[in-house]
Amino acid sequence: MAGETTAGNATPGNATPGSAGLTREDAAYVARLARIDLTDDELGLYAVQLATVIGHAAELAALDTDGVEPTAHPLPLRNVTRADEPRPSLDRAEVLAQAPAVEDGRFRVPPILGEAP
Amino acid sequence: MTTPGDSGAPGTPGDRSSPALEIARDVRAGSVSARDVVERYLGAVDAVDGELHAFVTVLHDSARREAAAVDRQVAAGEDPGPLAGVPVALKDNLCTRGVPTTCSSRILDGWCPPYEATVVERLRRAGAVVIGKTNLDEFAMGSSTENSAFGPTRNPHDPARVPGGSSGGSAAAVAAGLAPLALGSDTGGSIRQPAALCGVVGMKPTYGTVSRYGLVAFASSLDQIGPITTTVTESAVLFDVIGGQDPCDSTCLERPAPRTVSALADGVEGLRVGLVTELVDGADQAVAARVHEAAGVLEAGGARVEEISIPELRHGLPAYYVLAPAEASSNLSRYDGVRYGLRVEAGTAEAMNAATRAAGFGPEVKRRIMLGTYALSAGYYDAYYSQAQKVRTLIIDALGVAYQRFDVLLGATTPTTAFALGAKVDDPWSMYLSDVCTVPSNLAGHPAISIPFGSDDKGLPVGVQVLAPSLCEPVMFQVAAVVERGAPVLAPPGIRAA
Amino acid sequence: MNAGGKGWEPVIGLEVHCELKTETKLFCGCRNAFGDEPNTNVCPVCLGLPGSLPVLNTRAVEYAMRIGLALHCEVRPSIFHRKNYFYPDMPKDYQVSQYDAPINVSGWLELPDASRVRIERAHMEEDTGKTSHIGGGGRIHDADHALVDYNRAGVPLVEIVSAPDIGSSAQARLYASELRGILVATGASDGRMEEGSMRVDANVSVRPAGTFELGTRCEIKNLNSLRSLGRAIEYEIERQVGLLESGDKVVQQTRHWNEDEGVTVALRSKEEAFDYRYFPEPDLVPVVPDAGWQAEVAASIGPMPADRRDKLASLLGLEPPTRARADQIATVVEHGLDGLVSAAADAGVDVALALARTANEASADPDAARRLDVAGFIGLLRMEQDRKLSATQAKTVLADMLENGGDPVEIAKRRGFEALDAGSLAAVVAEVVADHPDEWQRYVGGEDKLVGFFTMHVMRATNNRANGKEVAAELRRLRG
């Protein structure tokens, strides 16, 4: 699938679990991915706090999980589907009533800088 | 008329009255009006909640209208449902149509869903009256309700202490007699732990037995809605009302939740109970003592209790704190200021998103989004997310082995009793440790219930936890009922309805 | 297959997103409709409101399987993944798609020239809403603000990814055209590029001819017709060759085709590539189509365009057909009119004639042709075949039938197209001959090409009711 190179030269930190911790740059990269503005102080604080939690998570790396399948669902369900039959949509007025900005029956946003992938 | 918390003198075993069931019985019989019931509870809320802060929104007008409708049905000889006239408090991450659903977050402040959660529809069909929306840790992330954007809820047993979280508001409301029934949600212990800290019953159902449609998602493969009640019987009744397959939820089981109420009287003769080392070690001395006493009650009832060590459970907390934030980081992306909720204007859509999320999310939510984003990001997925999912399998398998020897497992619900407000806010990992006994059930999708069992030397409630395999709610409730019967009666909380 | 004959080999792969023709969206019961008032086909699920959950549309799964089976794919157990990125037309700021466990893998598509293009995968995913950029003269980068309509959000898509097996812009057009025919034949999609129900993106790279390592590729978007597809690929090949030959490198990027200027343009690219953080969608369970379900779906797919072309060729009795006949066959099948030819063949009408009239005349108005009364069409063909109508007359009657319907016999009568009997024909020919003695002398003297001259006059005199061959025969008879 084109356009989906994984983050090449911008890989945060290094990929070894348990290593010395998240840098401020790592935290900044993650904040950009998560689209949250963080102040410098917040970046510093979160880098430290996240590093602690990551450190605990890194203990898991020591466990032998060869041949163990990951559990994505605790349920054995398969093939849950519904018939292709229309159901009532929402009333547009109700939908738009709580929108922060509306124009011409559509949601209005400031100009979009980037392209959709 | 019944008052909650009535029974034998403190410290002695005795039957607990079930306020919700008594209300329903009396309203259905016509000996009490639903209007009078709801007025009494609204009065209690108005009198007490200023100090307790269990509620985010109190629904005076609509509750009165709903109660009046129940009374009309009774008068007309129609069946008003098994929970007729019973006031119920809903955690504020459950969508209620036309009523603010904030998740205790600034980013959803004032947002009114145009639709209703399935469990709320089922409660209404059963005749329950929605009395208000309760406080929670923002987006259900937390173990103390201190992460609410609207201020913490206090523990009714000691207002300087936390009620637990994230369903702290619901647990405090039931403990203080402000509502006989409440719903909470449990992702890593968020029903059971506050129930334990407040001295009430809190139950997490088998994953998939209660529809999540209308529950604002935190971690989709772990979240479940469940009852918070005064007694085990009420918990079973409420579970039967809200449970069952829902065409709006693909992860909801295709068969209805097992009928549980009938199992309650069966006793524990011959049942095999495993007392799990890892769920008692590391608990405060008073908490551990109560768990052992609960084991004694079960033995006296004819159960065979044995100690068992399940070392894999120790990996539950780190696995949970990778998986839950990872799913949450994706579930919370939608709060971008475009379609509803808070918007902070800016020159571009991208800047608007980032500024909105910065202003709208509290620190714990930001922390978990960051953590989850990191765990899923390129280069880290295998080491963290994928590995945690494999550890999840190890835990499920280990519990499966344990359940070959035992029918249920027993342990503490949480290692401590209620801690002081502010005591753990600066150390996230110390706060996360509150979940160490509860997360395994979420990871496995198994049911578990916390039953109040006495207190510590300060009089703070202790909860003991009964765990069972998937879809084994009947035996879980069976055992819980016996534990409840043998539990020392708790002194009523300092903050409560008159 | 030469890029300017300079020893470079183009390597092309196509990604086609096709909208499925279901009644409702992929995960909710909102209508899957084009052109409705903005934000009127939305609900908590497709708006991604807090607390909403997806439930998969059965028919969408079946259509996805039809497409996979028609492309000779292996249908596998599959799951959905979340593809996480922020954009205002994404209600959840993640797209539910399929990643490393897609429903269809490892197929192939055979082109009419018998070359094969491998299909790597054809997976399900949901569509996004539509963004309109307002102000700034319609140029995205100068816009003042944007407006979003979520009617399209959640519409089911199948994304079909080919291997980079395509070697030229012509082959790319052939692939896209054949794929469109297959999609329409499965009933899963209506394949309209101009309307956006079939969207084609091209991945283009070049390498020195005869080598095997792939060069750096660019993804070309905004191709709204087969013609744009061809032109854009041609342009991009030249652009890349130009870069490489002057010692520059091709930068991997997404480029937009600008139809007016005839160029591809790099989009303003970000420093970081997208990190989609794919993980399995926890709100949906795996889709495991068992052998029974697959067999049911396979049985419900009608014949593919290639099969229908083969059938017409065998009716013609020409294996392989001539180039001209092959073109006619392709046209007829593309417009879904092969039924007309088959019916004519069944009725004993000359197949070549039926094919010609369908391909050359009826296909001028395919919608009307699809509504044509088959018995009437066969009747008309018989009239021409039996010489009751000339070719010209028959074409006129057919045009009438396409526009207004009606019975060919009545139309012929109304237009005075009754055929001339032999005696009347002889009389008219004799008159025309008498009117043009000089030309007659020359014809008698051996200038056979004057047949055309006399035929023209006979046609005029008889209002096109004469049969050309019969006129020629009469002239020869008169000459002796």
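Predicted model: local features only at pLDDT ≥ 70, side-chain atom pairs only at ≥ 80, totals over all residues.
1. Helix α2(C), residues 169-186, and helix α3(C), residues 226-245, have axes that come within 9 Å and cross at roughly 150 degrees. The two helices, α2(C) and α3(C), are therefore roughly antiparallel to each other. Their crossing is right-handed.

2. The residues behind this helix contact can be listed. From α2(C) come C:S169, C:A172, C:R173, C:A176 and C:S177. They meet C:L226, C:L229, C:G230, C:I233 and C:E234 of α3(C). By class, the contact of α2(C) with α3(C) has five nonpolar, three polar and two charged residues.

3. Next, the domains. The assignment for chain C gives domain 1 (8-299), domain 2 (305-414) and domain 3 (422-479). The centres of domain 2 and domain 3 of chain C, taken over C-alpha atoms, are 30 Å apart. Four residues of domain 2 of chain C are in contact with four of domain 3. On the domain 2 side, three of these are polar, one is charged and none is nonpolar.

4. The contact between chains A and C takes 44 residues from chain A and 51 from chain C. On the chain A side, β1 (81-82), α3 (92-97) and β3 (106-109) each give two or more residues. Strand β3(A) gives the most, with four. The chain A side divides into 21 nonpolar, ten polar and 13 charged residues.

5. Strand pairing also links the two chains. Three bridges join β3(A) to β9(C), residues 145-149, and the strands run antiparallel. A:R108 stands opposite C:L147 in β9(C).

Technical notes. Residues numbered from 1 in each chain as written. Chains lettered and ligands numbered in written order. Axes fitted to C-alpha atoms, helices over the stretch in contact; angles between N-to-C directions. Parallel < 35°, antiparallel > 145°, perpendicular 65-115°, else oblique. Left-handed = near helix turned anticlockwise from the far one by under 90°. Contact = placed C-beta atoms within 7 Å. Nonpolar A, V, L, I, M, F, W, Y, C, P; charged D, E, K, R; others polar. Domains from an automatic or database assignment. Pairing = 2+ DSSP bridges.
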